[in-house]
Amino acid sequence: MASLICKYSSCNAIILTLLLLTPFPSHSADPDPLQDFCVADLASNIVLNGFPCKPATNVTSEDFFFDGLVQEGDTNNTFGSQPTLGNVLAFPGLNTQGISMNRVDFAPGGLNPPHSHPRATESGVVIQGKLLVGFITTGNVFHSKILGPGQMFVIPRGLVHFQMNVGEQKALIVTAFNSQLPGAVIAPSTLFAATPAVPDYVLSKAFQVGSEVIDQIKSKFAA
Ligand code: GLV
Ligand code: MN
């Protein structure tokens, strides 16, 4: 085909033109914004993909700043960890910007349990402490490393991952996402604390254990 076309004019010009006409793929997780900002009107009852903008005349500087990640999270819970979410629901100024951040606090031995984000890649930096950070690929390969302050990690979009405090002291990470609302599928609670419950016979078969084991696990996550 190319050799046929090249008979009639310069190959370089044709290849360049074809490249320019080929739409470039988008690699962003969320759609691009169509205006400078669109501070979310979370109270609106208009239903769309994202949130409608509050009127520009009501927007103030305060809409672009957020102090929700200042406070240390309470890690006095089953897992000994606490994510504090800085997504569009907490910080409406993020609406349409395609990004968000969390802080995650860990008690010594605390675990941010295996989970995945269906709508975003995650990157993070350790601010304090020593953490084992790991994820599992779709090919079932486990990648992990122990990180300290200033060290970063990346979790490819949608993959199951965790962080565990393996130091003696408290630990803190800050994470960032290429989505205003990455979502989180938390493996233990998704499987063992869904409403209505996933039937025992499904979980028994999946994990190859008796229903008494399933009930025992379910009881740990009962609300
Ligand atoms: C950590 O994995 C986070 O989701 O903030
Ligand atoms: Mn995560």
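Predicted model: local features only at pLDDT ≥ 70, side-chain atom pairs only at ≥ 80, totals over all residues.
A residue counts as buried when its relative accessible area is under 20%. By this cut-off Asp105, at 3%, is buried.

Four salt bridges are found in a search of the whole structure. One of them joins the side chains of Arg103 and Asp105, with an N to O distance of 2.8 Å. Arg103 has a relative accessible area of 9% and is therefore buried as well. A further salt bridge is formed between Lys54 and Asp63, whose side chains meet at 3.0 Å, N to O. Here Lys54 is partly exposed, at 24% relative accessibility, whereas Asp63 is buried, at 15%. In another salt bridge, the side chains of Asp200 and Lys218 meet at 2.6 Å, N to O. Asp200 belongs to helix H4 (residues 200-207) and Lys218 to helix H5 (residues 211-221), so this pair ties together parts that lie 18 residues apart in sequence. Lys218 has a relative accessible area of 15%, and it is therefore classed as buried.

The surroundings of ligand 1 were examined next. The shell around ligand 1 consists of Asn102, Val104, Asn112, His115, His117, Glu122, His161, Gln163, Thr175 and Phe177. By residue class, the shell contains two nonpolar, seven polar and one charged residue. At least two residues of the shell come from each of strand E2 (100-106), strand E3 (111-116), strand E8 (160-165) and strand E9 (171-177).

Polar side-chain atoms of the shell approach oxygen atoms of the ligand. For Asn102, an N or O atom of the side chain is 3.0 Å from an oxygen atom of ligand 1. A polar atom in the side chain of His161 is placed 3.2 Å from an oxygen atom of ligand 1. For Asn112, the distance from a polar side-chain atom to an oxygen atom of ligand 1 is 3.3 Å. Ligand 1 exposes 190 Å² when taken alone, and 97% of that area is buried by the protein.

Two of the strands that supply the shell, E3 and E8, also take part in an open sheet of five strands. The order in this sheet is E6-E5-E8-E3-E10, with antiparallel pairing. Strand E6 (142-147) and strand E10 (185-186) are the edge strands, each of them pairing on one side only. In general, the strands of a sheet are held in pairs by backbone hydrogen bonds, in either a parallel or an antiparallel arrangement.

Within the sheet, strand E5 (residues 131-136) is joined to E8 by six bridges, and the two strands run antiparallel. Gly134 has Phe162 of E8 as its bridge partner, and Leu131 stands opposite Asn165 in E8. E5 is also joined to E6 by six bridges, again with the strands running antiparallel. In this pairing, the bridge partner of Phe135 is His143 in E6. E5 and E6 form a hairpin, with five residues between the two strands. Asn140, in the turn of this hairpin, has a positive phi of about 70 degrees.

Thr96 is not a glycine, yet it has a positive phi of about 75 degrees. Thr96 is located in the loop between strand E1 (81-86) and E2; E2 is one of the strands that contribute to the shell around ligand 1. A positive phi is also assigned to Gln208, another residue that is not a glycine, with a value of about 60 degrees. The loop that holds Gln208 runs between H4 and H5, and these are the helices in which Asp200 and Lys218 lie. Gln208 is exposed, with a relative accessibility of 66%. Finally, the peptide bond between Thr195 and Pro196 is cis, with omega at about -10 degrees. Pro196 lies in the loop between helix H3 (187-192) and H4.

Definitions and conventions:
Residues numbered from 1 in each chain as written. Chains lettered and ligands numbered in written order. Heavy atoms only, no water. Near = heavy atom within 4 Å. Polar contact = N/O pair within 3.5 Å; in protein donor to acceptor, adjacent residues only side chain to side chain. Areas by Shrake-Rupley, 256 points an atom, 1.4 Å probe, with all protein chains shown as cover. Helix = DSSP H or I, 4+ residues; strand = E, 2+ residues; numbered from the N terminus. Nonpolar A, V, L, I, M, F, W, Y, C, P; charged D, E, K, R; others polar. Buried < 20%, exposed > 50% of the residue type's maximum accessible area, 1.4 Å probe, protein only. Pairing = 2+ DSSP bridges.
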